[in-house]
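Please look over the sequence and the model before reading on. A short report comes after them.

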Amino acid sequence: MDIRSQISMVFHLDKCIGCHTCSIACKNIWTDRKGAEYMWWNNVETKPGTGYPTKWEDQGIYKGGWEDVGGGISLKGAGKQKGLLNIFHNPNMPVIDDYYEPFTYKYLDLIESPASDDQPTARPISLITGQPIDIKMGPNWDDDWSGTPDYARNDPNFSGMSKAEQEAMFQLERMAFFYLPRICNHCLNPACVASCPSGALYKRGEDGVVLINQEVCRAWRMCVTACPYKKSYYNWHTGKSEKCILCFPRLEAGLAPACMHSCVGRIRYLGVILYDADRIQDVASASEKDLISKHMSILMDPFDPKVIASAKANGIADSTIHAAQVSPTYKFVKEWGLALPLHAEFRTLPMLFYVPPLLPVMASVKEVHNQEQAAKFGPIAKIWDDNWLYDTSTEELWGTIDKARFPLKYLANLLSAGDERAITDRLKKLMAVRIYRRWKTVGDIPEAKANEALNGAGYTAEMADDIYCLTSLAKFDDRFVIPAAHREHAIEMLEFTGDRRGTVGFGFKEDTMQRGL
Amino acid sequence: MNLIDNVLFVGLPYAAIATFLVGAIYRYRATGFKVSSLSSQFLEGGGIYIFAVLFHWGILVVFLGHLIAFLFPTATLAWHSNAARLIADEVIIFTFGLAVLIGLVALFIRRLSSPRIRVVTTGMDIVIELLLLAQIVLGLWIALGYRWGYYWFASDMSPYLWSILKLNPQIEAVSAMPAVIKAHIVGAFIIIGMIPFTRLVHFLVAPFHYIWRPYQRVIWYWDRKRIRDPLMPWTETRPRNN
């Protein structure tokens, strides 16, 4: 056993309202620079949809992640042979048009154009060339476009679903979508790290954050191909790759990452998980049907004395072990079994977990007659003259999951490597907590039914209350349990004194962060 | 004539090698961020493909051909005493030289004609591409016009290059060379001297160490085993993060 600590995350998809505040917080802090305009280290996608970059999940195109090669795994589109042979031209790399060409508008034309009979316009210009362009794509171009042929129907997650099943999803009355916020997963078996010929990418031992050393990156671009989530981006101006750094300067100071701190729906949780590094290869090589259960099994119980002993032997601090014991992510993922990794079949062992969305799956549209009700409203009330009701009632127990309007196969392809049972299990648990809470607060459900729901999910009443609290009421310090990084150490890691070790103060001051010749 | 030859074949080589060594080491150590291949595939991926491959593999083989004749002149002469081997090798190197020419011309056109690529093109890129273009044209000309280079390179050029390295320059043989070959030699040293000031630095950091590196890399900021060692006095290793 080789216990290490990892900062892990949980995103509760039922709570995501798709406001993109996280993306903006990240963009303002980290990627508001030349060459990085197109990068969204944090982005929010509409599912079903093609995502960003377009069809990133289709590894037939981008060849990202690991593949099972019988008895072991190897990088699908990079690695020692493929990477070095393709170093002069990487055939599987997305280009800027797969993301979008960044643009702005010539706002000055609005002010400076001479007086004329026509309104002045601000033409869009490319942020790369500065020339006028026709905008073909932009950030969140497919936002809320569920059901459309260009976006939703090209979603790569429909594999294994019949044409009829797919079409059923897009009927107007059944149509549903949800949001998928994505950042770097800070994987345990990162394909980007393995693919980097220069060795610029690395995983921090202390907290598991995956970073790119900008001084060592040589623009061989293999990480862009290898990351199956397309969360490593090539900065076309500096000639270096960049990625989400999980706001490590903030983490080290005890602050939550900017995307998580700013989250309006409070969907994000961050905490320490202890894992067994000896088992990474074994878990990553598991057969597809065992991937989820093995992935869960590598996350160790922070109360187990053997785990604690091994953690201490590895120099993991008491404060970190304590943080793991009260970690909200450990609770969601292991204790309550509610969260799943995104696309486990890429075999990178992502450490960002998602609580699957219950609402779009369970809600239905019913025909109701509300004229009687409408007649009671005052004259200024806004009354919709349709007879449809978006019904999210939880009266039925398990029946609704099987009759879900959103095919579970789709969610399974997204979150459980195609295993529908894992999805059903999570949804049933979410449902049970809802039914239990409905009995407790509204009281229109009999107690026996609430208990039956909890028993079916394997929860006690205390667990259900805890889930409810952490889901709905959690304060900042409950959602983000950040282990002490100790300021003095953080400063040592961050501070640039202007000199390097061994230079005895002699050197030339230079704008070292400029693009090379 | 003698003065010019001394400048071109003694002064220039030493100046070039010195500039190369000092410049490359300084650029690597002081401005590591600026050492990059500055790939432009991301901005324009279609046109680059075949030409980047032609150019790079071509220049690798051509460079290797020169390097072998320079390092092992006797073995090179012995190996090429067989006419079939000599012709085969010359044809191979010439073919790869042509690949360099085709690739370089196409990449040069791409660099000038694509608006996106022009944005990431510096003046130095143009200078070095023109120099490389001149160099490869001269090289192909020499291969055609002054045939069996493997003979005279191994017997005349290699001793000259070694004499430069041994700090005892002997330029009699090169001063007697035709002007085209002289230009090729001068071009080579100019390019070597310019490496630290151009994007050519990227070949110095070619990632061969990837071959024997384990795939995953984990970096620890402190020695995790020693943090909790009770025998370690606090003054030497402060307990971290605890």
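## Conventions

This is a predicted model: local features need pLDDT of at least 70, side-chain atom pairs count only at pLDDT 80 or more, and totals for chains, interfaces and linings use all residues. Residues are numbered from 1 along each chain as its sequence is written, while chains are lettered from A and ligands numbered from 1 in the order in which they are written.

Helices (H or I, at least four residues) and strands (E, at least two) are DSSP runs, numbered from the N terminus. Two strands pair if DSSP finds at least two bridges between them.

## Domains of chain A

Chain A is assigned domain 1 (13-252) and domain 2 (267-362 + 392-479). These bounds come from an automatic or database domain assignment. The C-alpha centres of the two domains lie 27 Å apart.

Across the boundary, 34 residues of domain 1 are in contact with 29 residues of domain 2. Contact means that the C-beta atoms, placed from the backbone, lie within 7 Å. On the domain 1 side, β3 (66-68) and α6 of chain A are the elements that give two or more residues. That side has 17 nonpolar, ten polar and seven charged residues. Here Ala, Val, Leu, Ile, Met, Phe, Trp, Tyr, Cys and Pro count as nonpolar, Asp, Glu, Lys and Arg as charged, and the others, Gly among them, as polar.

## Sheets and strands in chain A

Strands of a sheet pair through backbone hydrogen bonds, either parallel or antiparallel. In chain A, five strands make an open sheet in the order β13-β12-β1-β15-β14, with mixed pairing. Its edge strands are β13 (299-300) and β14 (340-341), each pairing on one side only. Strands β1 (residues 3-12) and β15 (residues 352-355) of chain A run parallel and are joined by four bridges. A:His12 has A:Val355 of β15(A) as its bridge partner.

Strand β7 (residues 178-182) of chain A is mostly covered, with five of its five residues buried. Buried means that 20 or more other C-beta atoms lie within 10 Å of the residue's own; exposed means 12 or fewer, and partly exposed lies in between, with C-beta atoms placed from the backbone. In a regular strand the side chains alternate between the two faces of the sheet. From β7(A), A:Phe178, A:Leu180 and A:Arg182 point one way, and A:Tyr179 and A:Pro181 the other. Strand β2 (residues 43-47) of chain A pairs with β7(A) in the antiparallel sense over five bridges. One of the bridge pairs is A:Thr46 with A:Tyr179.

## Where chain A meets chain B

In the interface, 54 residues of chain A are in contact with 49 residues of chain B. On the chain A side, α3 (80-85), α7 (191-195), β8, α14 (318-325) and α24 (487-494) each supply at least two residues. The largest share, four residues, comes from β8(A). By class, this side has 23 nonpolar, 20 polar and eleven charged residues.

An open sheet of three strands has the order β9(A)-β8(A)-β1(B), with mixed pairing. The edges are β9 (210-212) of chain A and β1 (218-219) of chain B. Strand β8 (residues 201-204) of chain A runs parallel to β1(B), joined by two bridges. A:Arg204 has B:Ile219 as its bridge partner.

## A loop residue: A:Ile135

A:Ile135 sits in the loop between β6 (124-126) and α6 (163-169) of chain A. A:Ile135 counts as exposed because it has 12 C-beta neighbours inside 10 Å. Beyond its neighbours within four places in sequence, A:Ile135 is in contact with A:Phe103 and A:Pro124. A:Ile435 is 300 residues from A:Ile135 in sequence and 48 Å away in space, C-alpha to C-alpha.

How values were computed: Contact = placed C-beta atoms within 7 Å.
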